Amino acid sequence: MSDNLENKPPVTTTDAGIPATSDAHSLTVGPNGPIVLQDHYLIQKMAQFNRERVPERVVHAKGSGAFGYFEVTKDVTQWTSAAFLNQVGKRTPVLARFSTVAGELGSADTVRDPRGFAIKFYTEEGNYDLVGNNTPIFFVRDPSKFSDFIHSQKRMPDSDMRSNNAQWDFWSLSPEAFHQVTFLMTDRGIPRTYRHMNGYGSHTFMWINKGGEKFWVKYHFKTEQGIQNFTDSDAKAMVAEDPDFHRRDLRESIDKKDFPVWRLEMQIMPFEDAANYRFNPFDLTKVWPHSDYPAIEVGRLVLDRNPENFFAQLEQASFEPANMVPGIGPSPDKMLLGRLFSYPDTHRHRIGANYLQLPVNQPHNEVHSYNKDGAMRYRNNGNQPVYAPNSYGGPQANPNIIEPSWESNGELVRSAYTLHAEDDDFGQAGTLYRKVLSQTDRDHLVDNIVAHMSKGVEPFIQERAIKLWLQVDKDLGSRIAQGLGATVVMPAGEKQEAQHS
Ligand code: NDP
Ligand code: HEM
């Protein structure tokens, strides 16, 4: 916004462009008389105000973001034919949005929660959306559990307050969640700013090269600002001091030209390795250890432009994992496959059937589609034929683009993943505790878990969770039990048990 002190400001108009006669006074019969219905401008102001809000995102409602670019720094053409990745030095415009998950639009930034890390690449082959988090894993591995998981994190139906009891009830009945819960309860569970955290595509995706060769890949955006986190108590103090701390930090850094940068590194697995890999490579509750698939540098993400209008450029932004460009595809990860449906569906509800015509969501290349009409559609195809096939020069699909695909057969079943040698729910969480965390990190982890489980969580749920913590790591489980005042009992030759004192 520029102050117009020297130039004369423009005349206010109605939204139909008609000059308004007053910014402050409604039209009345005499100075204190009734307001007349013919004050069309007043009615327009009030009616428009009543319709200012669109529904907030059902998750990830509080967030912030910025524009910038992605630059390729290493040749990756041996793995993907994606045009925006086909040349070292090539830059593609991007929009990135960061968010918390469970809080509402006005909630505080510095809370313990995963952070969304969503990127829209405006490529020459259409929009590519990578909608990840600041964690490489997730709480559940089947989309049918996602809404239940979220319900356990958000407000309860009776009190309309959040409930630690519900959170631990769900988690302790969902052992697959414990890797992500461990991550969440470490200091990385509250990043200091959006700039000081990594981003992960989290799922396994497919890359396909020009020759049609396929690879399984994972995306890691490593912060070049360095990892920095809040301690639990500093984060709580910041909730009171500045609930918009992360939003403000990002905006001010970019205003000061201190542009945040992330280095994109990929893990790349040959297609054939998946079948016999020691972990199910499509299980979102697991990482691929770097010793198996080292990270390879690919490019850098730079954010250098703040939004000029938050509503138009961030509130109306719609990211959808289904937006993948040629050379990139999904994998058999059930969570990812579920998400391919979910996002465009919620966008149609949240911001309308023609959400892809909103300026921030429009691709930067030309659209030649047979879709037409609907509420608020304003870009139309003139008299282009409205059906295919046609004899009148309408657009034609390109059958030479290689579809991402894999073989699959078997009976229709509802099943958990089981077939890989090390597919348990606790091993990788235990590795994180024992091999990655420092002693201080481990102490904080125990303190954070004990504090979280102490707030209104029923003893039988605490006990069930402790049994799972003991399976992550005996020392971790024992320390949590001790912190909660529970006695750990380990019958000879059996798994550890915990009993509440
Ligand atoms: P490595 O030692 O090769 O990698 C450890 C990873 O852990 C690095 O990516 C590092 O990220 C990350 N890390 C470091 N400190 C923390 C922390 N305090 N909290 C969370 N993550 C941290 O080992 P592996 O690849 O074998 O993985 C071992 C365990 O590390 C996994 O079971 C998983 O829990 C965790 N992890 C693994 C990742 C992966 O993709 N392989 C990614 C992130 C975590 P950075 O370099 O940014 O510090
Ligand atoms: C937002 C559904 C899992 C990351 C959303 C939204 C929905 C949703 C409905 C709101 C979108 C909007 O209104 O614009 C789901 C479902 C999931 C799932 C059904 C599982 C089946 C995940 C996972 C991740 C993730 C695993 C990360 C790895 C995000 C992010 C946003 C988001 C970053 C915010 C995007 C933005 O900034 O606009 N999700 N989600 N979600 N989700 Fe998911």
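The following conversation goes through selected features of a predicted model.

Colleague: How many residues surround ligand 2, and which are the closest?
Modeller: Ligand 2 is surrounded by 27 residues, and the closest are Arg57, His60, Gly116, Pro143 and Ser202. A residue is near a molecule if its C-beta atom, placed from the backbone, lies within 6 Å of it.

Colleague: Which element gives the largest share of that shell?
Modeller: Helix α8 does, with eight residues. At least two residues each come from β2 (91-100), β3 (115-123), β4 (126-133) and α8 (334-351). Helices (H or I, at least four residues) and strands (E, at least two) are DSSP runs, numbered from the N terminus.

Colleague: You listed His60; where does it sit, and what is its phi?
Modeller: His60 is in the loop between α1 (40-50) and β1. Its phi is positive, about 60°, although His60 is not a glycine. Most residues other than glycine have a negative phi.

Colleague: Why does His60 count as buried?
Modeller: His60 counts as buried because it has 22 C-beta neighbours inside 10 Å. A residue is buried if 20 or more other C-beta atoms lie within 10 Å of its own, exposed if 12 or fewer, and partly exposed in between, with C-beta atoms placed from the backbone.

Colleague: And Asp373, buried or exposed?
Modeller: Asp373 is exposed, because 9 other C-beta atoms lie within 10 Å. Asp373 is in the loop between α8 and α9, and its phi is positive, near 65°.

Colleague: What about Pro389 and its peptide bond with Ala388?
Modeller: The bond joining Ala388 and Pro389 is cis, with omega about 0°. Pro389 lies in the loop between α8 and α9 (427-436).

Colleague: Changing topic, which strands does β9 pair with?
Modeller: Strand β9 (residues 296-305) runs antiparallel to β1 (residues 63-72), with six bridges joining them. Strand β8 (residues 261-270) also pairs with β9 in the antiparallel sense, over six bridges. Two strands pair if DSSP finds at least two bridges between them.

Colleague: Which residues of β9 are the bridge partners of Val72 and Glu265?
Modeller: Val72 has Gly299 as its partner, and Glu265 has Glu297.

Technical notes. Residues are numbered from 1 along each chain as its sequence is written. Chains are lettered from A and ligands numbered from 1 in the order in which they are written. This is a predicted model: local features need pLDDT of at least 70, side-chain atom pairs count only at pLDDT 80 or more; totals for chains, interfaces and linings use all residues.
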